Amino acid sequence: MYNPRMLSAQTARRAVWRPLWELPGRLDLIFSLTRRELAARYKGSMLGIVWAIVTPIVMIAIFTFIFAGIFGTRFGPVGTAWDYALYLFCGLLPWTAFQESVQLSSTTVVSHSNLVKRVVFPLEALPVAQALSSLATQLFGTVALLIATLILHRELHLSILWLPVLLLPQLIATIGASWLLASLGVYLRDIVQGVALVLTAWMYLTPIIYPETIIPERYRRLVGLNPFTPLVRNYRRILLEGSMPDWSGLAYFSGFAVLLFLFGYWWFAKTRRGFADVI
């Protein structure tokens, strides 16, 4: 029997997901936004994109002095201060890309308010561009990490070829989180401060500046539930240790990434109809 309400609900559901299926056809726009975002970050600065290396190097130097120098924390089989710096840099790369994209996405819709009322403009492309620009910065830093590893260890492992296997789920998770925060940033303008606090706590709950081996046994299960723990572990395995990825940990993070991607997009698509009224 014909039921107009059922057809209307099905049409509405398809309308919510249609922009997602159309995103691959908007790659030219997304790449253009990504290039503009990268250019805007370093516009007018003397060092330009070199800041993408200088900033983490300063952080690494501080953390290495405190944790490796003062507290004697060690990473890797050799356990020198230089190894600590490499392991720290390796862990910071994916985390910084995720953190940077999420924080910038929380204001991206508001900062592009002139585009909100344009019905034909795909607003969902803005957080995607943020995620891609952060990923590009990460890749730039990865090259610096590999050069430093080659200088200090005088070898690079073929396991670095597994890098795309880690980058893909990381990008999926970053896009999902960016969609979610982009929407929340429209309705909750103080979300920026809240996100900064949450991300800071999340970073310290991830074994980035300290090895997993020093975590007390009673807390290891809790830290293991953190989806970024296996991601950071896998980056170190393939870039520094010459090992295959930990497939079970990667599967756990990938499942988290897909769920975050789908929920983040769904939330963004459901709430975007009110953007123009709030902005």
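A: A salt bridge here is a side-chain nitrogen of Lys or Arg within 4 Å of a carboxyl oxygen of Asp or Glu. Side chains of opposite charge can pair when their charged atoms come close. The model is a predicted one, and by this rule it has five salt bridges.

One of the pairs is Glu217 with Arg220, whose side chains meet at 3.9 Å, N to O. Because the cut-off is 4 Å, this pair counts as a salt bridge. Both residues belong to helix α10, which covers residues 217-225, and they are three residues apart, about one turn of the helix. In an α-helix there are 3.6 residues a turn, so residues three or four places apart point the same way. Glu217 is exposed, with a relative accessible area of 62%, while Arg220 is partly exposed at 36%.

Arg26 and Glu22 make another salt bridge, with the closest N and O atoms 3.2 Å apart. Arg26 has 26% relative accessibility, so it counts as partly exposed. Glu22 is also partly exposed, at 34%.

The salt bridge between Arg272 and Glu124 has its closest N and O atoms 2.7 Å apart. Arg272 sits in the loop between α12 (247-271) and α13 (275-278), and Glu124 in the loop between α6 (113-116) and α7 (125-153), so the pair ties together parts that are 148 residues apart in sequence. Glu124 is buried, at 3%, because a residue under 20% counts as buried.

There is also a network of salt bridges, which links Glu212, Arg233 and Asp246.

Now for the chain around these pairs. The protein chain has 13 helices and zero strands. Of its 279 residues, 46% are buried. Among contacts between residues at least 6 apart in sequence, 79% join residues at least 24 apart. The accessible surface of the chain comes to about 14900 Å², and carbon and sulfur atoms account for 68% of that surface.

Of the 25 residues of α8, 19 are buried, so the helix is mostly covered. At 1.5 Å a residue, α8 should span 36 Å, and its end C-alpha atoms are 37 Å apart, which agrees.

Apart from residues up to four places away in sequence, Gln170 touches Pro94, Ala97, Leu135, Gln138, Leu231, Tyr235 and Phe253.

Ser178 also lies in α8, and its relative accessible area is 0%, so Ser178 is buried. The side chain of Ser178 reaches the backbone oxygen of Thr174 at 2.7 Å. Outside the four places on either side in sequence, Ser178 is in contact with Ser101, Val102, Ser105, Pro127 and Ala131. From Ser178 to Gln103, the C-alpha atoms are 8.1 Å apart in space, although the two residues are 75 apart in sequence.

Ser183, also found in α8, is buried with a relative accessible area of 0%. With residues up to four places away in sequence left out, Ser183 touches Trp267, Phe268, Thr271 and Phe275.

The surface has a nonpolar part as well. Val58, Ile62, Phe65, Ile66, Ile70 and Phe71 form a nonpolar patch there, with about 620 Å² of accessible area together. One member, Phe65, belongs to helix α3, residues 51-70. Phe65 has a relative accessible area of 58%, so it is exposed.

Key: Residues are numbered from 1 along each chain as its sequence is written. This is a predicted model: local features need pLDDT of at least 70, side-chain atom pairs count only at pLDDT 80 or more; totals for chains, interfaces and linings use all residues. Side-chain values use heavy atoms; hydrogens and water are left out. Contact means heavy atoms within 4.5 Å. Helices (H or I, at least four residues) and strands (E, at least two) are DSSP runs, numbered from the N terminus. Buried means under 20% relative accessible area, exposed over 50%, partly exposed in between (1.4 Å probe, protein chains only). Accessible areas come from the Shrake-Rupley method with a 1.4 Å probe; for residues, only the protein chains shown count as cover. The expected span of a helix is 1.5 Å times one less than its number of residues. Patches are made of residues with over 30% relative accessible area and no salt bridge: like charges are joined within 9 Å, nonpolar side chains (Val, Leu, Ile, Met, Phe, Trp, Tyr) within 5 Å. A polar contact is a pair of N or O atoms within 3.5 Å; within protein, one must be able to donate a hydrogen and the other to accept it, and residues adjacent in sequence count only if both atoms are side-chain atoms.
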